[in-house]
Amino acid sequence: MYLWCPSAAAREKTRGVLERFGARYRIEDGDCIVAEMDWMTMRAMVMPLRRALTHAEADSVRALYKADSTDLTTADFPRVKSYSQFAQAAESNWLHELLDEERYTSVLQTIVHSDAPTHVFAREALLRGIARDASVIHPIYMFDAARGCGMLDRLEIAARKAAVNRMVLDGITENLFINVTPSAIEDPMASLSETIDFIDAAGIPHERIVFEIVESDQAHDLAALQRLLGTHREAGFRVALDDVGAGYSGLNLLHQLRPDFIKLDMELIHGVTSDPYKALITTKTLEIAAALGIESIAEGVETDDELDWVRDHGATYAQGYGIARPTTPTLHGRTPPGVM
């Protein structure tokens with residue numbers, strides 16, 4: 001990887017990120033940093049370096065990555081880009097390839113009845129990407145990349161397909177929770193129509209699917225969010241509101257969106273047995289949900305004491321590592337190494 005840094009500040013920031021990722025590098029003529037790294041390291045480093053640089057620095061630094069490790073020639077010069085352009089292209093390329101080659105899958109995490117934890121109510125589908133070396137890519141990285149290169153809508157549809165496919169492949173007969181990120185959907189009706197097509201093709205009754213609205217507190221257009229939930233309900237699906245209690249607007253959204261389920265933010269559940277502030281907020285939220293006829297899911301349950309607490313305080317369901325971890329990701333019948 002070749003990086004031309006016109007300022008000392010940008011050069012020092014670049015060297016710092018390279019050293020953090022363990023990349024070997026040398027300084028050549030013209031203040032060019034030549035770093036040796038494999039593709040996976042380069043991919044992991046792209047955005048941290050972009051965040052380390054100011055906008056002006058990212059526009060002034062020039063970058064070139066040569067996968068074949070051959071010497072630099074004049075034929076490479078047209079491929080030299082500003083680091084801003086390079087970072088965006090790098091994110092877009094690997095994500096395009098991952099989606100084109102369908103190297104993604106879902107894992108499932110169990111949601112149980114809080115008063116009968118051996119009785120499974122539903123599974124939540126969680127997206128995982130599979131890199132070319134078969135290692136697992138966490139969804140946070142995938143969505144960050146998609147957000148940066150305008151591919152959120154495509155990744156959202158892929159995640160839904162992966163969830164439905166996993167339900168079919170694993171023979172799941174309980175309900176399935178599928179995450180929906182409203183900010184990722186440019187055309188809600190077209191997106192829902194495509195989703196319905198592959199749910200119907202799989203032969204899954206609509207009432208067994210719950211669309212879980214994530215990042216709802218970040219929605220800028222409440223009317224659009226209400227329409228989004230309305231279209232899903234009209235198609236026979238149920239909806240859940242994620243991370244209730246995480247933001248100041250959670251309870252306000254509760255009456256405006258009127259979901260079928262709420263999921264209490266896991267930060268409220270962690271340590272709820274010993275923190276009176278968390279306990280009071282969680283108790284009142286559960287009371288409000290029960291009074292409104294909304295079923296509640298305590299997310300992030302990790303201990304028997306937490307499970308006992310949420311059961312005793314009226315949570316309908318529970319989910320978390322203390323109950324069951326997500327299943328192992330599989331793709332084309334193989335279990336990748338480095339499972340997250």
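## Helix packing around helix 4

Helix 2, which covers residues 39-52, packs with helix 4, residues 83-100, at an angle of about 130°, and the axes of the two helices lie 10 Å apart. In this predicted model, helix 2 and helix 4 are therefore oblique to each other, since an angle counts as roughly antiparallel when it is over 145 degrees and as roughly perpendicular from 65 to 115. The crossing that helix 2 and helix 4 make is left-handed.

Helix 4 also packs with helix 6, residues 152-169, here at an angle of about 30° and with the axes 11 Å apart. Helix 4 and helix 6 are therefore roughly parallel to each other, because angles under 35 degrees fall into that class. As helix 4 passes helix 6, the crossing is left-handed.

## Serine 92 in helix 4

Serine 92 is a residue of helix 4, and its relative accessibility of 15% makes it count as buried, because the cut-off for that class is under 20%. Along the sequence, serine 92 and arginine 147 are 55 residues apart, whereas in space their C-alpha atoms are 9.9 Å apart.

The structure holds 23 salt bridges, and side chains of opposite charge can pair in general when their charged atoms come close. One of these salt bridges joins the side chains of arginine 24 and glutamate 36, with a distance of 2.8 Å from N to O. This pair links distant parts of the chain, for arginine 24 belongs to strand 2 (residues 24-28) and glutamate 36 to strand 3 (residues 32-36), twelve residues apart. Arginine 24 is exposed, its relative accessible area being 61%, whereas glutamate 36 counts as partly exposed at 42% relative accessibility.

Glutamate 36 has a salt bridge with arginine 26 as well, and in that pair the closest N and O atoms are 3.7 Å apart. Here too the pair links distant parts of the chain, with glutamate 36 in strand 3 and arginine 26 in strand 2, ten residues apart. Arginine 26 counts as partly exposed, at 39% relative accessibility.

Because lysine 284 and glutamate 287 are three residues apart in helix 11, about one helical turn separates them. Lysine 284 is partly exposed, with a relative accessible area of 43%, and glutamate 287 is likewise partly exposed, with a relative accessible area of 42%. Apart from this pair, salt bridges that share partners join Arg24, Arg26, Glu28 and Glu36 into one network.

Isoleucine 288 also has its place in helix 11, which spans residues 276-292. At 34% relative accessibility, isoleucine 288 counts as partly exposed, and together with Leu251 and Leu292 it forms a nonpolar patch on the surface. The accessible area of Leu251, Ile288 and Leu292 together is about 260 Å². The relative accessibility of isoleucine 288 is 34%, so this residue meets the patch requirement of over 30% relative accessible area.

## Residues with positive phi

Glutamate 102 has a positive phi of about 55°, although it is not a glycine. The place of glutamate 102 is in the loop between helix 4 and strand 6, the latter covering 104-113. With a relative accessibility of 48%, glutamate 102 counts as partly exposed, because the exposed class begins over 50%.

Aspartate 243 is another residue other than glycine with a positive phi, in this case a value near 55°. In contrast to the loop position of glutamate 102, aspartate 243 is placed in strand 11, which runs over residues 238-244. Aspartate 243 counts as partly exposed, at 32% relative accessibility.

How values were computed: Residues are numbered from 1 along each chain as its sequence is written. This is a predicted model: local features need pLDDT of at least 70, side-chain atom pairs count only at pLDDT 80 or more; totals for chains, interfaces and linings use all residues. Side-chain values use heavy atoms; hydrogens and water are left out. Patches are made of residues with over 30% relative accessible area and no salt bridge: like charges are joined within 9 Å, nonpolar side chains (Val, Leu, Ile, Met, Phe, Trp, Tyr) within 5 Å. Accessible areas come from the Shrake-Rupley method with a 1.4 Å probe; for residues, only the protein chains shown count as cover. A salt bridge is a side-chain nitrogen of Lys or Arg within 4 Å of a carboxyl oxygen of Asp or Glu. Helices (H or I, at least four residues) and strands (E, at least two) are DSSP runs, numbered from the N terminus. Buried means under 20% relative accessible area, exposed over 50%, partly exposed in between (1.4 Å probe, protein chains only). Axes are lines fitted to C-alpha atoms, for helices over the stretch in contact, and angles run from 0 to 180 degrees between N-to-C directions. A crossing is left-handed if the near helix is turned anticlockwise from the far one by less than a right angle, and right-handed if clockwise.
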